[in-house]
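Please examine the sequence and the structure shown here before reading on. The explanation moves from the whole chain to the packing of its elements.

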Amino acid sequence: MTASTLVDTKILEAYADALKALVTALGWQIDPVRLHADLQTIASVTRRDRLGASAGLIDELARTVEVRLLTTKVNIERTVVPFR
């Protein structure tokens, strides 16, 4: 793996992590069940349009909502203070 490939991989991981944080924060503000269902629907449409990489990322975001907000196995410390 070249140095530029490693950097590119780290950048993509950072984007994915940032998107996961955003869907988690959104799920705290809105209905996480609806957010999860909407993300699954969007992933299905994206997959049908043959955009596999995008569908995979959206699926991963739906799984993030499921794991972080819809299961009782994971307890997230909510230290973020929402803007008022």
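The following paragraphs treat confidence, overall organisation and helix packing in turn.

The coordinates belong to a predicted model. Across the protein chain the mean pLDDT is 86, and 82% of the residues reach at least 70. Among the elements, helix α1, which spans residues 3–29, has the lowest mean pLDDT, 90, whereas helix α2, residues 32–48, has the highest, 95. Where pLDDT is low, predicted coordinates should not be read in detail.

The secondary structure of the protein chain consists of three helices and zero strands, and the order from the N terminus is α-α-α. Of the 84 residues in the protein chain, 21% are buried. The chain exposes about 6500 Å², of which carbon and sulfur atoms supply 60%.

How do two packed helices come to be described? The description rests on the angle between their axes and the distance between the axes. For α2 and helix α3, residues 52–70, the angle is about 165 degrees and the axes are 8 Å apart. Angles over 145 degrees count as roughly antiparallel, and α2 and α3 are therefore roughly antiparallel to each other. Their crossing is left-handed.

The contacts between these two helices involve residues from both. On the α2 side they include Pro32, Val33, Leu35, His36, Leu39 and Ile42, together with Gln40, Ala43, Thr46 and Arg47. On the α3 side, the partners include Ala55, Ile58, Leu61, Val65 and Leu69, as well as Asp59 and Glu66.

Notes: Residues are numbered from 1 along each chain as its sequence is written. This is a predicted model: local features need pLDDT of at least 70, side-chain atom pairs count only at pLDDT 80 or more; totals for chains, interfaces and linings use all residues. Side-chain values use heavy atoms; hydrogens and water are left out. pLDDT is the predictor's confidence in each residue, from 0 to 100. Helices (H or I, at least four residues) and strands (E, at least two) are DSSP runs, numbered from the N terminus. Buried means under 20% relative accessible area, exposed over 50%, partly exposed in between (1.4 Å probe, protein chains only). Accessible areas come from the Shrake-Rupley method with a 1.4 Å probe; for residues, only the protein chains shown count as cover. Axes are lines fitted to C-alpha atoms, for helices over the stretch in contact, and angles run from 0 to 180 degrees between N-to-C directions. Angles under 35 degrees count as roughly parallel, over 145 as roughly antiparallel, 65 to 115 as roughly perpendicular and the rest as oblique. A crossing is left-handed if the near helix is turned anticlockwise from the far one by less than a right angle, and right-handed if clockwise. Contact means heavy atoms within 4.5 Å.
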